[in-house]
Amino acid sequence: MTTSEKFNDKRSLLYRCYQQQPAALTAEIDPSQLGLHDFSVKLRYGFRGPQAHAVLSAAQITVPSAANSLCTTPSGELVLRLSNSEYWLLHPKASGQQTLLESQSTEQCYSLFCQDSHAWLVLTGPNIARIMAKLCAVDLREIVFPHGAIAQTSVARVNAVIAHHCFGESAVFSILSDSASASYLWDAIQDAMQEFKD
Amino acid sequence: MKMINCPLNGLRNSSEFVYGGEVKDMPDHRNCSDREWAEYIFFHDNAVAVVTEWWLHAPSSYWFIGERHTASDEFLRTYDPSERFNTRVEFAVPVVESEK
Amino acid sequence: MNNLPRLKEPMGSLIERDQPVTFTFEGQSIMGLAGDSIASALLANNQWLISRSFKYHRPRGPLTMAGQDANTLVQLGGEPNVLADNQVIGAQMQVSGQNYSGSLESDRDALLGHFSRFMPVGFYYRSFFKPMGAWEKWEGFIRKKAGLGVLDLEAKPEYYDKEYLFYDLMVVGAGPAGLSAALKAADAGAQVLLVEEQRLLGGALSYHRFDIQGQQATSTLSSLVDKVQAQQNIKVMLSATCNAWFTDNYLPVIQAKRLFKVRVKECIVASGAFEQHVVFRNNDLPGIMMCSAASRLMKHYAVKPGQRAVVLTGNDTGYLTALDLTEQGVQVEAVVDMRESSVVSELQAAMSDAGIEVLLGSTVYEALATKGNKHVSAVDVRKISAPGEVASQARVIDCDLVCMSAGFMPAYQLLCQAGGQLSYSDDTAQFALSNLPAHLHLAGSVNGVHQLAQVIKDGQRAAALALHNLSLSDEVIEAVTCQSNHNYHWPIFSHPKGKDFVDFDEDLQAADIVNATRLGYRDIQLVKRFSTVGMGPSQGRHSALPTARLVAKATKRTVTQTGITTARPPFVPEKLALSAGRSFNPVRFTSMHHRHIALGAQMIAAGNWRRPAYYGSVEQREQTIQSEALQVRNKVGLIDVSTLGGIEVRGPDAAQFINRIYTFAFLKQPVGKTRYAVLTSEQGVVIDDGVACRIGENHFYVTATTTGVDQVYRQMLKWNAQWRLNIDIANVTSAFSAVNLAGPDARKVLQKLDSDVDLSIEAFPYLAYREARIEGIPARLLRVGFVGELGYEIHVPASCGEALWDLLMAAGQEFDIKPFGVESQRLLRLEKGHVIVGQDTDSMSHPGELSLNWAVSRKKPFFVGSRSVDIVMAQTQTRKLVGFTLDASIEQPKEGHLVISGGDVAGNVTSCEYSSSVGKCIGLAFAAIGDSQPGSSISIRVDSGALVEASVVSLPFFDPDNQRQEL
C-alpha cells in the first residue's frame, strides 16, 4: 500500500455546498446545539463476510453482540453492526487516510467502500428525534430508539443508516447515506430543522 | 399503511419493502418439458391461501421469506432464507451431444 | 349591519367579549368577537344568508354549526369552499358567499329552482351523454352555473408540512367517551394522543344539555378536562381531524398546514354521532337547523338563534333544547314531537312549567319563507297519519327558528374504512358496527351509547381493552348497555311540490331518490352514483340514512337489506397541498456535477441522477451535439460516466456466480481482461448489460446500466440467497466516479499524467483491465469501445472524482479536449450500432432479436434465463433489430415510429439520429424477419403521416472493421 505523495485532497460531495456556506466548515462542533454537520471526510471502514467478526476481534476491536446496534471504543470510534456479518468502523476524529482500493479484503472478510459510497452526516441538538420524524417513518424517540440503536430505513426517500450515539454528554444521530444523494439529503434535513431554529 | 416484520430490521412500513414473487422450486431446467418450464415461469395459483413469498427490505438490501394469507393480507411468519435454502446449489455440467 | 347583543355568560365559551374583530362579508364590514366563527359572527349580525346551494342557488344558512355540512361554504380571499361554521374570524378577512350570479342577496339564477322539474335527477348525466360532444359544448356553462367558488390562479404556494407521530394509543374525539378513555389509558401508563376536530375539549359536554336541570354537562366537563390537562401522558390536538383509517392503525391527522401521519398500537374511535334532519318541504331555509346547532350557537358563541322557535323532534333531545332556548329568552312556540307517546313524565312536567306547548304525533309538513326564501317565517304543522303521511288539517305557527332532531347516526366513516360493517335494525332504528379489526375500539355514541354515565363508562371499557393489548392492565369492563332510543323510524314527509331535501349539498329531494329507483337503480351504490346523493362535501353524513330508507321503501326491502353507502377516505375534504406537502424527490449528483454546471451543461434526468445532456445553449442544441461527437471522432473528449452501476463480486465462487448470472462464459475469463456481460430475465428477455472485469481470480467488478443497477443487484442477492455460493456481492455504484476518455488522442492525454501503468498498446490492449495510480489517485482502467474510439474508462473513488476531472481537462488542454454529454454519446454509440438496453430493447427482446447470439454461451450448464432463451430462440423468429439509413433530406423518423410491412405493424424505430460522420440519418428499428437482411428496405410511418423508405444496412454504420477502438 503506497500513499500518494501528490494527491491528498479527498472531497466530500458536500464540498461545493460548503464553498457557498463557509460557516459550516467549523472544525469543532457543539453537539448540544441544534446542528447538521458533514463528517464525510472522516475515516470509516466497512467489512462483511463470515470472517469479518474474527478479523475485527484479532485487531482487538470489540463488536456489538446483535445486528442493528453499535458500541463505542475507548478511543471514541464507533463500531456499527448492520447484520450478522457486516460491521462499519467510524472514526469521528480522524480524516480519511485510506480509500477503498487500499483497505484490503481478506478471504471471507470483504472490505466495503463506505468511505466513498456513503456520506456521513451528524445531526445534533435537543430535537433530533422530532426533526427526523419529519423525514422518516421509524420511531426514533429515545424510549424506543436508545443509545446504541441503529435503524436502516428510508430518510426523505433515500436509504440511510441512522445510528444513535453520544458525543460527550449529548445524544446525536449519525446518518450514513448514499454519497451521491448527500446534497439532496443535506437540504432536506436543513429544511426539516428550520422550525427548530432560533 | 401495512407493517411488515422484517427478520433483520423489525416492524416497518410496507413502503420499505419490495415484493419478489412467490418462492418456487425450479424444475430441472435441462430435462423438464417446455410446459413444466412455462408453468414455473408464468403460472400462479392465485388462490385464497397462505402463500410463501420473497420480500426485500430495500434500505438494507435484505431478502427474506414471508408466509402471507392472500385474503386477510396477514403475514403469518417471516424468516431468513437460510432456513429454507441451506445447501449450495449445483447445476450439472451438460451432457455432450455425442454421448447421448 | 346591526350587531345584536350577545347572550350572558356562561354562554359563549369560545368568544372573547372584549376583543372585537372586524372583517368583511360581501364587501360589508362586519364586527364579531375574537373566537367567533365566520358563521357565528354573521348570525350575531343577523346575516343568515351565508351562501347559496350548488344546483338551485337556494339561500342557505348554518345547519350544524360544526363543519359537517356544505351549507356554509364560503369564499375566503383566494380560497374557495371554506367552512364558515369552522373558520375562526380574523381581522381584515374578506369573505363572500358562493354559487350566485349578481349578488348573494338577489341571485338571478335562484329562478333555477322553479325549473327543477325540468332538471330531474341524473339530469346532466342523461341530457348531455348524447350526442357525442354535447357535454364538451355545455360543460363550461354548466360548471359556471354550478359554481363552487373561485380559484385564485395567481395563488402563491404556501409551506405545508408533514410529520410522523408515534403513540401507544390514539383517541379520536374528545367528548365524554374520548376524555374518559384517554384518562383511563393514560393513568395506566399508556402514551395517549387525543385528537379533537373542534377547538375545545368536551364534545357534546360543551353544548348539549343532558338533564332537565342543565347541571350534569358543566360539572362533568370541568372535572374531565381538568384531569386531562393535568395528565402528562396525554397529548391533546385540537382543531385536528383524523381523516382516514389505514391498515395497522396508520392515521392521517390534519391540523392547520400540517399532515401528521400517526402510527399507534391501539386506537379508540369516540367520534360521536351526527344529528339527523327531518325531510319536509323547505327544510333548507335559513333559520332551520339541527337542535345541536342552536345549542352550539348559544353555548359556544352566545348568539341567540332566534326570537320565536319551533322544535321538531323524534327524541328527548328536542325537549332539552327547548329548555335551553327558553332559558336564553327564546320564545318556544311549540315542541312538535313526531312520536305518538313515550315522553317521560319529567320532561312533560318541565314543558308545562316552562309554558311550552307539546304537539305529539305531529310533524312540520312545510316551512314557509319570507320573500325570496331568505328565512323561515312560519311552519305548517300536521298530524302524522301513517309513516311519511300527514292529515290534511294544517296549523300554521309563526316562527323565525326551527330546531330539528330526527335522531343520531354514528360517525361511522373511519370504522367503515377499517372494514367495519354498519348494520341497522329496522325495528328499533338503531345502528351497530361490527367486524372491526383488532386494536381498533369504539366508545360512546358511535357505539350506540347515549346516556352520559354510560358513555363515560363505555370510554373506560374501550380503554381497558386497549390497555390489555398494551400489556398495561388485566382489567375487564363489562359491555355497557343503553336504554334510550334516539332515532325516529320515519322522519321523511314528502311533499307533492318537492323541495323536501334529502341531501342539502347536492339539492336532492325525496322524489329524486325515489325516481332513481324507478329508473332501475335498486342498488344503493348505484343510486348514489346516479343521483350523486352523498357525494357532496358532507359525504352522506345527513343524507345516507334517509336515502337508504327511501330506497328500501321504494324497492320493498328493509334498510338492512339495502345497506348504507359508506365513505372512503378522506373524511373531510383535504387540500392537495397537504398531500403534496414537503415532497421528497431525491436527486443524485456525481462528484463532477459542479464542473459540468460551470461548463454550461444542460442537465437531464437519468433515473434519480442528473447528467449533462450537452454543453452549450439550448438554442444551439443540435450543432453542439454534432460538434461534441466530431470532437471525439477527430480529437479527444471526456464524458462523466459515474452514474454507471458498479457491482463487486468477491469470493471463491465469484467466477461461478458471474457465469450463472450472465449469458456469456466467464469461468475462464483471464485476470486483467474485460468481457461484455448480458443479463437475461428468467423469461429469456435481455434486461441489462455491462462489462465484467476480472480483477483477480476471486474478484469481479461488473458494470450495469444507470437505471438498471439497483434491480440487477437485488436479483443477484436473491439468486445467491438460494444458491448459497461463497461470495460477497456489493453495490458500489456511488463509491466510484468514472469518466470515459475517448478519441484518437486519448492515450496522449493520459500519458501527460503521472501514472504507474504502461499505456502502450502492447501492455494495455483493447478490452484489457488495469489498476493504476494517476497522480496518486487509485484508479481502475478499462479499455472499452462503447463510442468506437480509443478509449479509457477510468473509475476512481468518488471522493477523488472532481480532482480526476480537473487533472484530465488540464492535461488535455493542448489536445483541445472537450467534454461531451449523454446526447453525443448516444449518437456515437449509435454510429457503432451498440444497443442501449431499455431503449433499443423491449419486454419481448431475446438475444437473437438483438443479434447477441455471440454473447450467449450455449455450452455452460446454466444461466438465469437459459432454458427460456433456448425455447424462444428455437421458435421461428419474426422480427429483428436492424440498422437503417435514410437520406438526410427525407423526414427523419423518431423513436417509436412504426415500421410497416404488408399493411401490418412489423416493429418500431428505437433510435434515430443524424450522423455527421456517416452523412446520413442512421437508426435502429425492429423489422420483420424477411426485411432484416442488409439491402432490404423498410417502411416507416413518420409524424407527417407519410411512409418513408429506409435502407437496411449492416452494422456498425461507422468504422465497420472496428479498427479505431483497438488503436
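How many positive and negative side chains does chain B have, and how far apart do the centres of the two sets lie? Chain B carries 10 positive and 17 negative side chains, and the two centres lie 2 Å apart.

The model is predicted: local features need pLDDT of at least 70 and side-chain atom pairs pLDDT 80 or more, whereas totals for chains, interfaces and linings use all residues. Residues are numbered from 1 along each chain as its sequence is written, chains are lettered from A and ligands numbered from 1 in the order written, and side-chain values use heavy atoms, without hydrogens and water.

Chain B contains one helix and six strands. Helices (H or I, at least four residues) and strands (E, at least two) are DSSP runs, numbered from the N terminus. The order from the N terminus is β-β-β-α-β-β-β. The radius of gyration of chain B is 17 Å, whereas a compact globule of 100 residues would have a value near 13 Å. This radius is taken over C-alpha atoms, and the globule rule is 2.2 Å times the number of residues to the power 0.38. The C-alpha trace of chain B spans about 60 × 30 × 20 Å along its principal axes. Of the 100 residues in chain B, 39% are buried. Buried means under 20% relative accessible area, exposed over 50%, and partly exposed in between (1.4 Å probe, protein chains only). The accessible surface of chain B is about 5,800 Å², and carbon and sulfur atoms account for 49% of it. Areas come from the Shrake-Rupley method with a 1.4 Å probe; for residues, only the protein chains shown count as cover. Among chain B contacts between residues at least 6 apart in sequence, 40% join residues at least 24 apart. A contact has heavy atoms within 4.5 Å.

In chain A, strand E1 covers residues 35–38. A:Gly35 and A:His37 point one way from this strand. A:Leu36 and A:Asp38 point the other way, and all are buried. Four bridges join E1(A) to strand E7 (residues 118–124) of chain A, and the two run antiparallel. Strands pair if DSSP finds at least two bridges between them. A:His37 stands opposite A:Val122 in E7(A).

Chain C supplies a buried helix residue. C:Ser180 is found in helix H4 (residues 176–187) of chain C. Its relative accessible area is 3%. Leaving out residues up to four places away in sequence, C:Ser180 touches C:Val455, C:Ile456, C:Gly459 and C:Gln460.

Backbone geometry in chain C was also examined. Most residues other than glycine have a negative phi, and most peptide bonds are trans. The bond from C:Pro569 to C:Pro570 is cis, with omega near -5°. C:Pro570 is found in the loop between helix H14 (559–562) and helix H15 (576–580). C:Leu955 and C:Pro956 are also joined by a cis peptide bond, with omega about -5°. C:Pro956 is found in the segment after strand E48 (947–953).

C:Ala256 is not a glycine, yet has a positive phi of about 50°. It lies in the loop between strand E12 (250–255) and strand E13 (258–269). C:Ala256 is exposed, at 68% relative accessible area. C:Glu775 also has a positive phi, near 50°. This residue lies in the loop between strand E39 (769–774) and strand E40 (777–783). C:Glu775 counts as buried, at 15% relative accessibility.

How values were computed: Lys, Arg positive; Asp, Glu negative; His and termini not counted. Charge placed at Lys NZ, Arg CZ, Asp CG, Glu CD.
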